[in-house]
Amino acid sequence: MAQPLETKNKQEQQRTTSFERIMMWVTTISFLLILLTIGIGTLVREDRVRSQLENRTLAQSVDPTIEGIATGKDMLKMETYFTDQLLLRGTFVEMQALLSKDVFRQPFRNGIYTAKNGYMIEPSASTRVQIPNVFRQFVQELDRPVYMALAPSKTVIAERDQLIPSYVASNARTRYAGMIRDFKAAGMTNLSLDQLKLTDYFKTDHHWNIDGAASAYQTITKGMDLRPVMPSKSNRKEGEHAYYGSLARKTTLAYATSGDQLAYYEPAFFKGINVCYDGACDRPVIDESFVQQEGDYVDRYEVFLRGNHGIMSMKEQTKNDRPTILVLKDSFANPVLPFLAKSANLEVVDVRYVPKSFDVSQFAKQKQVDSVLFLHNSNIAGLMKTYENTL
Amino acid sequence: MLFSSTIFLFLFLPTVLIVYYLLPRSFRNGWLLVTSLFFYAFGEPRFALLMLLSVTINYFFALFVDLYRHRIGVKWIMFSMIAVNLGLLGWFKYSGFFVRSVNETFGLGWFVPEVVLPLGISFYTFHAMSYVIDIYKGKEAVQKNPLDLALYIAFFPQLVAGPIVRYNTIASQIESREETVSDFARGVRRFTIGLAKKLILANGCGQVADAIFNMKDLSMGLAWIGIIAYALQIYFDFSGYSDMAIGLALMFGFHFLENFNYPYISKSVSEFWRRWHISLGSWFRDYVYIPLGGNRVSPWLQYRNLAIVWMLTGLWHGASWTFVAWGAYYGIWIMLEKAFLGKWLEKIPVFSTVWTLVLVLVGWVFFRSETFPEAVTYIQAMFVPDVIWDERASYQLVQNGVLLFVACIAATPIPKIIGERLVVSLGRIGTTMQYGYAMLMLFLATSALVASTFNPFIYFRF
């Protein structure tokens, strides 16, 4: 039987009210549960030392002192520690990136622009740094051929290919050209790597890939009159896991349309090259554990020589008739060095990782090198001070 | 400690809430006081003593006022109370500014004291003064329990950035209040909305504003984007903080008055100030403007009263001549509206809203700029620019256009109206959305908090 309208409305109101009351309880309980779960979870969980996503060391627990508490410094440290160690930290960071990309439609994230073709670019409009006079002195005093292979940064290529929107100030090409001019004026022989294409670089990382490195190797051997030894395509391998590089770390996966495939040449091809650093030899040229590890943000680029080392030598024991080259480099050199070690004996120095007192000229003389190769990418303005101290 | 910090959100707040509800009623105020003091001392422990000193002094002032209210000497007690409170505020907030100004004006070389500004001193000083004044006026009974008075002044939701809660608003709630699940759930909603306002909208807009205010040779487009972003930043920053304070108070059964009411839809500057930082405006109205004679004196005296109130309002916001100019700027417009402009604006509703918005934006330029020349250059770029539009403006528009648009809409009552209609029309689904949305805001705000280190609360410096 149909009920009178008024009664029906009253019942509806009562139902709604009781439903709203349930929702109030649900809200109250879930609010407290969320806060407690994250809070207690953070406290109970073992502290993490490093964040793969952020590629940095995380803040560790604080031993408070009376002075630290009185000045409030220990509280600030505690806050940083708790935020760094927060449960679901990575998920929260990714969620924020998703909000920026999908809701606020922000094409840039932490200074990184994701182009329509998925390439991540870091535009830069920093001022051009003049190369210090110490390079000219180094070339003159050493009295051996000094070569410069300056890889255009990915931003240079992206600017050339007009991938960066017109409204973004970026002067990487101008700075690159200026730097090459300066190095030539300092007496170095320029080994031009202008032939590199965007596809020679990773989409999600600032480095070049194995094709870019191989192309650079060919230019270097040609320019330095070395015999190139290229592996066949059958030696080429690809990691089964996607590689998300330094730029993807800055934006998080929300902005990376797809990961890269990290290709490398199998370790067998480099057999016989003895790699020594940190007082030990027989180090791997290719360490496949970095491509086999699981995890979105594993730094798979370390497959080449396990990354950067201050002083390293790479020699094929059986071939003593080859020239010895001093390579002064940054991480761009890492995939090139295994190839280069097939053509020459290498003494490698990464000035970022040597003591301040290290003297490159002295080292070159001591090792009786035949020539010197600077192998860098064009973003080396920050290294000028270090070179000023070490050359 | 900040509301928008992980330690507050995930350790302090749940601990305070759970222990609060487990304790017998008679211990709850004590617990709130202890935790409020911890909250304050967490960042600046040495200044907790200063705040306790302020509580103690005003506790005794109120007792004396109550005791000697019918004697002539009560005026001297009141005078001493105001002098002591303003003296403390003046030393910590204005001493450097005052000496610097004297040095610059008279070419002197007096020592400029480098005094660190204690967190929230402007707010708790006004809380304390209003308490004693209310006792003097007989609006409230004197608080004999010093711990309850300390709770009124130090209660952590409103301690460091307001709203300026009057003693008579919560005196009875301190004595006895009823905590309900309805209040708690409403408090959660309000708090999470405030958190999202602060961490997503205010901080997002703040990045745009900071970037533009640090640039030189602004085009007209860039200058307008910058000031709109700043206007949105300061609104969401402060109203978000007020929302969090109101929400937190509700979770403990306290009901604070509203502090913001969509100020950017105002049709006059006077209306703007009835909608913006309501607790400060009403404080100055009740404790300065009306005691000076308010509207019940001759027109010239009314203008004098307005001038005093607005200079003080400007000065309250910061120890700088740009803040004084900002206050004076509003004072002048309010005087003009009182004289004739208000009547004209009433007749042209849409224009009056746009006009008011432009005046407010110009006002924010003074508020944001460090110096007068900086402010003048910025205003020049807004109205008589060398360049109308440039690539930097295009970048800001492409990168932050949606954020600014969302923030503009969120600064109006539109989302609230739509939300209320949806809740009514969708029935249970609407109710579920209404509460579920609070949890979503909590997650999004936490994400913004974790992902970003850009987390300054603008109003803390006041």
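1. A crossing of two helices is called left-handed if the near helix is turned anticlockwise from the far one by less than a right angle, and right-handed if clockwise; helices (H or I, at least four residues) and strands (E, at least two) are DSSP runs, numbered from the N terminus. The structure is a predicted model, in which local features need pLDDT of at least 70 and side-chain atom pairs count only at pLDDT 80 or more, while totals for chains, interfaces and linings use all residues. Residues are numbered from 1 along each chain as its sequence is written, with chains lettered from A and ligands numbered from 1 in the order in which they are written.

2. In chain B, helix H6 (residues 146-154) packs with helix H8 (residues 167-175) at an angle of about 130°, their axes being 11 Å apart; axes are lines fitted to C-alpha atoms, for helices over the stretch in contact, and angles run from 0 to 180 degrees between N-to-C directions. The crossing of H6(B) with H8(B) is right-handed. On the side of H6(B) the contact (C-beta atoms, placed from the backbone, within 7 Å) is made by Asp148(B), Leu151(B) and Tyr152(B), and these meet Tyr167(B), Ile170(B) and Ile174(B) of H8(B). By class, the residues of this contact between H6(B) and H8(B) are 5 nonpolar, no polar and 1 charged, where Ala, Val, Leu, Ile, Met, Phe, Trp, Tyr, Cys and Pro count as nonpolar, Asp, Glu, Lys and Arg as charged, and the others, Gly among them, as polar.

3. The crossing of H9(B) and H19(B) is left-handed. The residues that H9(B) brings to the contact include Val188(B), Arg189(B), Leu195(B), Leu199(B) and Asn203(B), and among those of H19(B) are Tyr435(B), Met441(B), Leu442(B) and Leu449(B). The contact of H9(B) with H19(B) divides into 15 nonpolar, 2 polar and 1 charged residues.

4. Chain B is assigned domain 1 (6-177) and domain 2 (183-461), the bounds coming from an automatic or database domain assignment. The C-alpha centres of domain 1 and domain 2 of chain B lie 25 Å apart, and the contact takes 27 residues from domain 1 of chain B and 26 residues from domain 2 of chain B. On the side of domain 1 of chain B that touches domain 2 of chain B, the elements giving two or more residues are helix H1 (6-22), helix H4 (74-106), helix H5 (121-136), helix H7 (156-159) and H8 of chain B. That side of domain 1 of chain B has 17 nonpolar, 8 polar and 2 charged residues.

5. Chain A is divided into domain 1 (1-43) and domain 2 (120-390), and 61 Å separate the centres of these two domains of chain A, taken over C-alpha atoms.

6. Between the chains, 42 residues of chain A are in contact with 42 residues of chain B. On the chain A side, the elements that give two or more residues are helix H1 (5-44), helix H2 (66-71), helix H3 (73-84) and helix H4 (89-103) of chain A, and the largest share, 18 residues, comes from H1(A). This side of chain A is made up of 27 nonpolar, 11 polar and 4 charged residues.

7. In chain A, 8 strands form an open sheet of mixed pairing in the order E7-E6-E15-E13-E14-E12-E10-E11; two strands pair if DSSP finds at least two bridges between them. The edge strands of chain A are strand E7 (189-190) and strand E11 (280-283), each of which pairs on one side only. Helix H7 (residues 172-185) of chain A packs on the sheet, touching strand E6 (146-151) and E7 of chain A, and its direction makes about 175° with that of E6(A). Helix H8 (residues 210-224) of chain A also packs on the sheet, where H8 touches E6, E7 and E15 of chain A and has a direction at about 160° to that of E6(A).

8. Within this sheet, strand E13 (residues 324-329) and strand E15 (residues 371-377) of chain A run parallel and are joined by 5 bridges, and Ile325(A) has Ser371(A) in E15(A) as its bridge partner. Strand E10 (residues 273-277) and strand E12 (residues 311-316) of chain A pair in the antiparallel sense over 5 bridges, with Met314(A) in E12(A) as the bridge partner of Val275(A). E12(A) also pairs in the antiparallel sense with strand E14 (residues 345-349) of chain A, over 4 bridges, and there Glu347(A) in E14(A) is the bridge partner of Ser313(A).

9. Chain A has a further open sheet, of 3 strands in the order E3-E4-E5, with antiparallel pairing. Strand E3 (108-109) and strand E5 (120-121) of chain A stand at the edges with a single partner strand each, so one side of each is left without a neighbour in the sheet. E3(A) is joined by 2 bridges to strand E4 (residues 112-114) of chain A, the two running antiparallel, and Arg109(A) stands opposite Ile112(A) in E4(A).

Terms used: Two residues are in contact if their C-beta atoms, placed from the backbone, lie within 7 Å.
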